[in-house]
Amino acid sequence: MEKSDRVGSASGGKDYRLMWKELGLNLEAHDQLLNILGQAYKDIYMTQENRPKGMQYLDFVISEAHGLRIEELMDTKKKGNKVVGTFCVYMPEELILSVGGTCVGLCAGAEIGIDEAEKVLPRNTCALIKSFMGFKLAGLCPYIQASDLVVGETTCDGKKKAYEILNDYKETYVMEIPQMKTERDKVLWRGEIVQFKEKLEQLTGRKVTEENLRQGIKISNDKRRALQRLSTLRKAIPSPISGLDALLVNQIAFYDDPLRFTKSVNDLCDELEERVKNGFGITKNGTPRILVSGSPMAVPNWKVPYIIETSGAIVVAEESCVGERSTRDLVKEDGKTLDEMIDAITDRYLKIDCACFTPNKERIDHIIQLAKDFKVDGVIHYSIQFCTPYTVEAHKVEKALQKKGIPMLKIETDYGMEDMGQLKTRIEAFVEMVRG
Ligand code: BJ8
């Protein structure tokens, strides 16, 4: 992809309608989606001031998310490579890369398609689950249409049961994720990884070897290193980049080409390093610094950070799977045999402290550590409505933060806009309170 200043339109400019039709999308509904997405992007992203130049690449990627990127996926498929669609950061991308595959996160961040989803799911299902089901049933997600394999996982009950229904519309392979982290769970999880490796070998007709897996580990780790670098730069006071832009980078990490993406994030970080050196921040000194913690925010779920950053505060870190939870741990690169590499993958992924685990003390400790490291003035705990793991765990998070004297605001919301006013009032009051 080349850089372009065509931003804010979800289809860039080229006509991809034939490709979308061949993929089986509902063209009329898809046009509507692109219009909504394009307008939201303009209103939320393009109105920000002093954005780093490096964000132009990300603007371009988002403008071509359903266009050029899908064309690239179709091109790689023509060469005999496979596309694997996923919903969770537990999916070992390095294995997919090792057999020449492309790993993409599937659409799950918008309300559109919800009517279709509610025909097969209860209304009181979390918005993320309703969203991916709606995207499939309403024919809106080119990524799922382009996928040769869709992989789900047994994390929360809602997802687990929804995958059984999704399987009626698109074959869905489900990995069993343990709920605890004992030695027994580790054995189970390792077995799942080996079975997934075999599934990929069968799908692609290619063997996972020491050499190609080492390469896959390196590519995934390099991407994580670049995102860690971005995260570290946000510790600076004032922060050199808005929370909205940093979130966008983390969101795009799930579907852009990993090598190209890593390079652009590193270029962006070079620019941000200069800003930090010169004491240039995206906001004034004294702007309240917020850590957002909780459920993941898939594209185009920008609602809460947008409210926070238009209420006089800045988001400096996301304790979330679309944020540092998915990037902070690397796979050890010193494995020599295939078995050692699979051990390293097992260990790395089992460190992810999703609220689906019990007990989950690591997450609570980590939130406190992040609050200190990023010198935050307050934590906003965000749960998607009806997401039991995160809404319930919010209680423990709040208690632990209270003990440390760190203020926390607990919010539960979905992808709709009806509660924007109410959320804004609560967030503004919280920002004023932590401003002191
Ligand atoms: S590792 S956070 S990506 S499961 S918001 S669907 S938990 S009811 S998305 Fe997640 Fe993997 Fe965990 Fe991360 Fe269920 Fe909650 Fe909905 Fe959720």
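User: Which residues of H12 are buried?

Analyst: A residue is called buried when its relative accessible area is under 20%. In this predicted model, the buried residues of H12 are Gly243, Leu244, Asp245, Ala246, Leu247, Leu248, Val249, Asn250, Gln251 and Ile252. The helix spans residues 243-252 and is mostly covered, with ten of its ten residues buried.

User: Against which elements do the buried residues of H12 pack?

Analyst: An α-helix has 3.6 residues a turn, so residues three or four places apart point the same way. For H12, the packing partners of the buried residues include the helices H2 (27-44), H3 (55-63) and H11 (210-233). Helix H13 (258-277), helix H14 (303-309) and strand E6 (314-319) are also among them.

User: Is Asn285 buried or exposed?

Analyst: Asn285 is exposed, with a relative accessible area of 57%. Its place is the loop between H13 and E5. Not counting residues up to four places away in sequence, Asn285 touches Ile237 and Pro238. The C-alpha atoms of Asn285 and Lys181 are separated by 42 Å, the two residues being 104 apart along the chain.

User: Where are the cis peptide bonds to be examined, and what are their omega values?

Analyst: Most residues other than glycine have a negative phi, and most peptide bonds are trans. A cis peptide bond joins Ile237 and Pro238, with omega at about -5 degrees. Pro238 lies in the loop between H11 and H12. The bond from Val299 to Pro300 is likewise cis, and its omega is near 0 degrees. Pro300 is found in the loop between strand E5 (289-294) and H14.

User: Which loop holds Asn50, and what is its phi?

Analyst: Asn50 is in the loop between H2 and H3. Its phi is near 55 degrees, a positive value in a residue other than glycine. With a relative accessibility of 44%, Asn50 counts as partly exposed. Phe386 may be read in like manner: it is not a glycine, yet it has a positive phi of about 75 degrees. Phe386 sits in the loop between strand E7 (378-384) and helix H17 (388-403), and it is partly exposed at a relative accessible area of 43%.

User: How many disulfides does a search of the whole structure find?

Analyst: A disulfide requires a pair of cysteine sulfur atoms within 2.5 Å. The search of the whole structure finds zero. For Cys103, the closest cysteine sulfur is that of Cys88, at 11 Å, which is too far for a bond. Cys103 is buried, with a relative accessible area of 13%. Cys387 also counts as buried, at 12% relative accessibility.

User: Why does the radius of gyration agree with a compact globule?

Analyst: The comparison rests on chain length: for 436 residues a compact globule would have a radius near 22 Å, and the protein has 21 Å, which agrees. The C-alpha atoms fill a box of roughly 60 × 50 × 45 Å along the principal axes. The protein has 18 helices and eight strands, and 59% of its 436 residues count as buried. Among contacts with a separation of 6 or more, 78% are between residues 24 or more positions apart.

User: What can be said of the surface and the charges?

Analyst: The accessible surface comes to about 18,200 Å², of which 51% belongs to carbon and sulfur atoms. There are 62 positive and 66 negative side chains, and the centres of the two sets lie 2 Å apart.

Methods:
Residues numbered from 1 in each chain as written. Predicted model: local features only at pLDDT ≥ 70, side-chain atom pairs only at ≥ 80, totals over all residues. Heavy atoms only, no water. Helix = DSSP H or I, 4+ residues; strand = E, 2+ residues; numbered from the N terminus. Rg over C-alpha atoms; globule rule 2.2 N^0.38 Å. Buried < 20%, exposed > 50% of the residue type's maximum accessible area, 1.4 Å probe, protein only. Contact = heavy atoms within 4.5 Å. Areas by Shrake-Rupley, 256 points an atom, 1.4 Å probe, with all protein chains shown as cover. Lys, Arg positive; Asp, Glu negative; His and termini not counted. Charge placed at Lys NZ, Arg CZ, Asp CG, Glu CD.
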